[in-house]
Amino acid sequence: MKRILTLVLCSLVWSGWARAESVVVTPSPESLAAGGGQLVLNVDIVYGEAPAALGLSLGLPAEWSFAGTSGAAKPAIQPDAGTTGSLDFAWMTAPADHAAFSIKVSYPAGTGATTLRGKAILRRDGKALELPISVSVGG
């Protein structure tokens with residue numbers, strides 16, 4: 001059975017947020033190699049009208065590390081390669097309509113199924129909207 005490990009969260013209509021905002025994170029590959037390796041997290045933050053500020057924070061399990069980003073809308077501010085723990089990203093100017101990019105992380109041998117958690121943060125008209133992220137990988 002193909003396991004889709006995507007999470008779509010937060011369709012909100014809130015004063016100052018006229019459209020449904022969401023964040024989708026899809027891991028590739030869907031399984032983790034027993035000997036360790038790298039995992040790509042394809043991120044798409046959808047917001048319609050560009051926010052004044054845009055950021056993303058993602059927590060990594062112990063011994064996992066940040067390897068890099070790719071994509072046309074990758075954030076200007078990102079962690080250094082090798083960073084562990086919490087990864088924080090920010091855009092100087094939010095892309096129009098949505099921000100789609102990929103995060104590459106490294107994981108150690110013997111890693112079993114786990115859940116990555118974080119949030120996308122959008123600011124507009126002095127109001128902040130947090131979109132939670134929870135992505136199951138492996139297993």
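A residue counts as buried when its relative accessible area is under 20%, and this cut-off is used in the legends below, which describe a predicted model.

**View 1. W64 and Y107 form a tilted aromatic pair.** The centres of the two rings are 5.6 Å apart, with 40° between their planes, and this is one of four aromatic pairs that a search of the whole structure finds. The pair links distant parts of the chain, since W64 lies in the loop between β4 (53-59) and β5 (65-70), whereas Y107 belongs to strand β7 (residues 97-107), 43 residues apart. Because its relative accessible area is 6%, Y107 is buried, and W64, with a value of 1%, is buried as well.

**View 2. F66 and F89 form an edge-to-face pair.** The ring centres lie 5.7 Å apart and the planes stand at 65°, which is why the pair is described as edge-to-face. F66 lies in strand β5 and F89 in strand β6 (residues 86-91), so their contact ties together parts that are 23 residues apart in sequence. F66 counts as buried at 3% relative accessibility, and F89 counts as buried at 4%.

**View 3. A cluster of rings includes F66 and F89.** Ring pairs join these two residues with W91 and F101, so that the cluster consists of F66, F89, W91 and F101.

**View 4. One cavity of 30 Å³ or more is found in a search of the whole structure.** The largest cavity has a volume of about 30 Å³, and its lining is made up of V25, V43, L56, L58, I103 and I133. The lining residues divide into six nonpolar, no polar and no charged.

Conventions: Residues are numbered from 1 along each chain as its sequence is written. This is a predicted model: local features need pLDDT of at least 70, side-chain atom pairs count only at pLDDT 80 or more; totals for chains, interfaces and linings use all residues. Side-chain values use heavy atoms; hydrogens and water are left out. On a 1 Å grid over the protein atoms alone, a cavity is a set of points where a 1.4 Å probe fits but cannot get out, and a pocket is an open set with protein on both sides within 12 Å along at least five of seven lines; lining residues have an atom within 4 Å of a point. Grid points are joined across faces, edges and corners, and a volume is the space filled by probe spheres set on the points. Ala, Val, Leu, Ile, Met, Phe, Trp, Tyr, Cys and Pro count as nonpolar, Asp, Glu, Lys and Arg as charged, and the others, Gly among them, as polar. Rings of Phe, Tyr and Trp (its six-membered ring) pair if their centres lie within 6.5 Å; planes under 30 degrees apart count as stacked, over 60 as edge-to-face and the rest as tilted. Helices (H or I, at least four residues) and strands (E, at least two) are DSSP runs, numbered from the N terminus. Buried means under 20% relative accessible area, exposed over 50%, partly exposed in between (1.4 Å probe, protein chains only).
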